[in-house]
There are 2 protein chains.
Amino acid sequence: MTASLAHAVSPSEPTERLLSPAELEAALRDIGARRYHNLHPFHRLLHDGKLDKDQVRAWALNRYYYQAMIPVKDATLLARLPDANLRRVWRQRIVDHDGDHEGDGGIERWLKLAEGVGFERDYVLSTRGILSATRFSVEAYVHFVAERSLLEAIASSLTEMFSPTIISERVAGMLKNYDFITRETLAYFDKRLTQAPRDADFALDYVKRHAVTPEQQAQALDALRFKCSVLWTQLDALYFAYVSPKMIPPDAWRPGEGLRAGAGA
Amino acid sequence: MTASLAHAVSPSEPTERLLSPAELEAALRDIGARRYHNLHPFHRLLHDGKLDKDQVRAWALNRYYYQAMIPVKDATLLARLPDANLRRVWRQRIVDHDGDHEGDGGIERWLKLAEGVGFERDYVLSTRGILSATRFSVEAYVHFVAERSLLEAIASSLTEMFSPTIISERVAGMLKNYDFITRETLAYFDKRLTQAPRDADFALDYVKRHAVTPEQQAQALDALRFKCSVLWTQLDALYFAYVSPKMIPPDAWRPGEGLRAGAGA
């Protein structure tokens with residue numbers, strides 16, 4: 001059945017000629033420069049201190065689902081890697097997110113962030129307050145990695161090439177502008193500043209070595225465009241529900257729900 | 001891999017006790033009364049003649065992808081049905097949408113609708129202008145039908161119980177309020193007025209006969225809630241991009257694109 005969606009995405013158009021590895025890298029970076037979610041108005045508001053506490057909460061709550069599914073995505077990809085050398089490298093991503101023991105790892109650090117802005121841990125874990133658009137976008141990413149070629153699956157991870165910039169902006173902006181955000185709350189991002197470039201370097205090298213026809217290069221570029229849309233669509237939905245026109249869909253989190261006693265407004 | 005998303009949706013809570021078939025039907029209808037997309041502000045605007053031509057175009061263009069994937073969804077379900085009696089009934093849905101020959105069927109009638117509001121046929125077929133949120137929502141539906149129990153897959157089709165009302169409102173409202181909409185353009189809906197109730201009756205009967213534990217009844221109810229969110233999320237995204245705040249995502253259709261020569265504003 002999974003193959004049935006192969007035709008569901010607009011077909012790639014081959015690049016006009018075979019790009020050199022350096023040209024391919026430049027084309028990938030150009031996609032980031034034009035479509036990465038640091039350009040989304042919701043992120044500008046978040047970094048510039050223009051969101052209220054409930055809007056930051058909505059972001060933390062929804063983004064938790066993305067974080068929680070990343071190791072599922074990486075395990076899906078791991079299962080498709082044909083040799084131990086590749087799997088040894090890729091499995092580190094799962095270790096980073098799931099940690100070595102209870103209380104460790106990136107998911108746990110994101111839970112701390114969500115608790116830091118006032119949520120009950122169990123409410124966040126349940127994911128019952130997230131937007132359907134968050135759920136569908138995140139699951140589209142997992143399915144993409146399961147269903148597309150290995151090259152496309154790996155290329156879709158390349159948004160990590162662009163994350164150090166956004167993380168630096170985000171941490172500095174949020175610490176400066178929100179008195180309810182502490183450096184401890186943002187510990188997730190400290191780790192990602194070293195993890196993401198290491199992961200991105202490996203994936204970029206893989207893509208440059210394995211996208212060796214114009215068709216494969218177009219697929220790699222499209223995979224990165226797809227992933228940018230996964231991130232962008234999540235911020236569209238947050239903006240719609242919690243910034244403007246503030247039309248919260250049925251079942252999605254409403255300010256006041258799921259908070260720790262005393263977390264306040 | 002498909003099983004990996006089974007935990008990704010909030011677990012169903014069993015209904016408190018076993019409902020009678022009539023109570024289960026009432027509970028399903030109650031979900032429709034509170035969550036079906038006829039309640040969405042975008043639909044009110046559409047029916048009341050409050051959208052401009054480009055906003056109607058955005059709706060027709062995006063909704064095409066939903067229509068086009070329905071037979072893929074139904075073929076996915078057909079492949080899971082264990083006996084010929086069931087498959088004989090369910091396959092009619094595919095016939096209805098794909099038709100008996102070129103130029104026939106529900107997808108073709110939706111293409112006529114999209115052409116009727118000014119689009120080039122090939123632009124619509126390419127789906128390259130649709131919102132990512134449309135794509136992810138529609139594909140979430142196909143994946144749901146592939147991955148969940150057969151009972152849940154069938155129950156997710158039950159939004160058709162509610163469609164005759166919305167279709168009647170839509171056809172009357174659109175003919176009255178938009179001079180660029182003709183009865184011929186809306187031929188899709190004429191057929192659905194008889195097809196949808198026939199399909200819904202069968203699916204409802206199946207669900208009432210096969211949801212025989214509190215857990216199964218909760219799953220059936222959740223499946224219908226899920227499907228309502230698939231429809232609702234598509235209208236959220238249309239509203240966000242084309243009504244307010246009109247923040248069209250990268251790559252999505254912009255007014256003026258993909259139109260037939262002379263289709264005009």
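This is a predicted model: local features need pLDDT of at least 70, side-chain atom pairs count only at pLDDT 80 or more; totals for chains, interfaces and linings use all residues.
1. **Helices of chain A.** Chain A has 11 helices and 0 strands. Read from the N terminus, its elements run α-α-α-α-α-α-α-α-α-α-α. The radius of gyration of chain A is 19 Å, close to the 18 Å that the globule rule gives for 265 residues, so chain A is as compact as a globular protein of that length. The C-alpha trace spans about 60 × 40 × 40 Å along its principal axes.

2. **Packing and surface of chain A.** Of the 265 residues in chain A, 57% count as buried. Take the contacts in chain A with a separation of 6 or more: residues 24 or more positions apart account for 80% of them. The chain exposes about 10,700 Å².

3. UniProt lists residues 26-236 of chain A as "domain: Thiaminase-2/PQQC". The entry is unreviewed, and annotations of this kind may be inferred rather than shown by experiment. In the model, that range is 75% helix and 0% strand.

4. **Contact between the chains.** The size of an interface is often given as the accessible area lost when the parts come together. Here chain A and chain B bury about 3,300 Å² between them. Of this buried area, 70% is on carbon and sulfur atoms. Chain A gives 43 residues to the contact, and chain B gives 43 residues.

5. **Salt bridges across the interface.** Side chains of opposite charge can pair when their charged atoms come close. How many salt bridges does the rule find across the interface of chain A and chain B? It finds 2. In one pair, A:Arg35 meets B:Asp251, at 2.1 Å from N to O. A:Arg35 sits in helix α1 (residues 21-35) of chain A, while B:Asp251 sits in the segment after α11 (214-242) of chain B. A:Arg35 has 12% relative accessibility; the cut-off for buried is under 20%, so A:Arg35 counts as buried. B:Arg35 forms a salt bridge with A:Asp251, and the closest N and O atoms of this pair are also 2.1 Å apart.

6. B:Arg93 pairs with B:Glu160 in a salt bridge, with 3.2 Å between the closest N and O atoms. B:Arg93 lies in helix α4 (residues 84-98) and B:Glu160 in the loop between α8 (150-155) and α9 (163-177), so the pair ties together parts that are 67 residues apart in sequence. Are these two partners buried or exposed? B:Arg93 is buried, with a relative accessible area of 4%. B:Glu160 is buried too, at 15%.

7. **A bridge within one helix.** B:Arg209 and B:Asp205 form a salt bridge, their closest N and O atoms being 3.0 Å apart. Both residues lie in helix α10 (residues 187-210) of chain B. They are 4 residues apart, about one turn of the helix. B:Asp205 is partly exposed, with a relative accessible area of 38%.

8. **Network and total.** In chain A, salt bridges link A:Glu108, A:Lys112, A:Glu115 and A:Arg121 in a network. Over all chains, the structure holds 38 salt bridges.

Notes. Residues are numbered from 1 along each chain as its sequence is written. Chains are lettered from A and ligands numbered from 1 in the order in which they are written. Side-chain values use heavy atoms; hydrogens and water are left out. A salt bridge is a side-chain nitrogen of Lys or Arg within 4 Å of a carboxyl oxygen of Asp or Glu. Helices (H or I, at least four residues) and strands (E, at least two) are DSSP runs, numbered from the N terminus. Buried means under 20% relative accessible area, exposed over 50%, partly exposed in between (1.4 Å probe, protein chains only). The radius of gyration is taken over C-alpha atoms; the globule rule is 2.2 Å times the number of residues to the power 0.38. Contact means heavy atoms within 4.5 Å. Accessible areas come from the Shrake-Rupley method with a 1.4 Å probe; for residues, only the protein chains shown count as cover. Buried area is the accessible area (1.4 Å probe) that two parts lose on being put together, summed over both.
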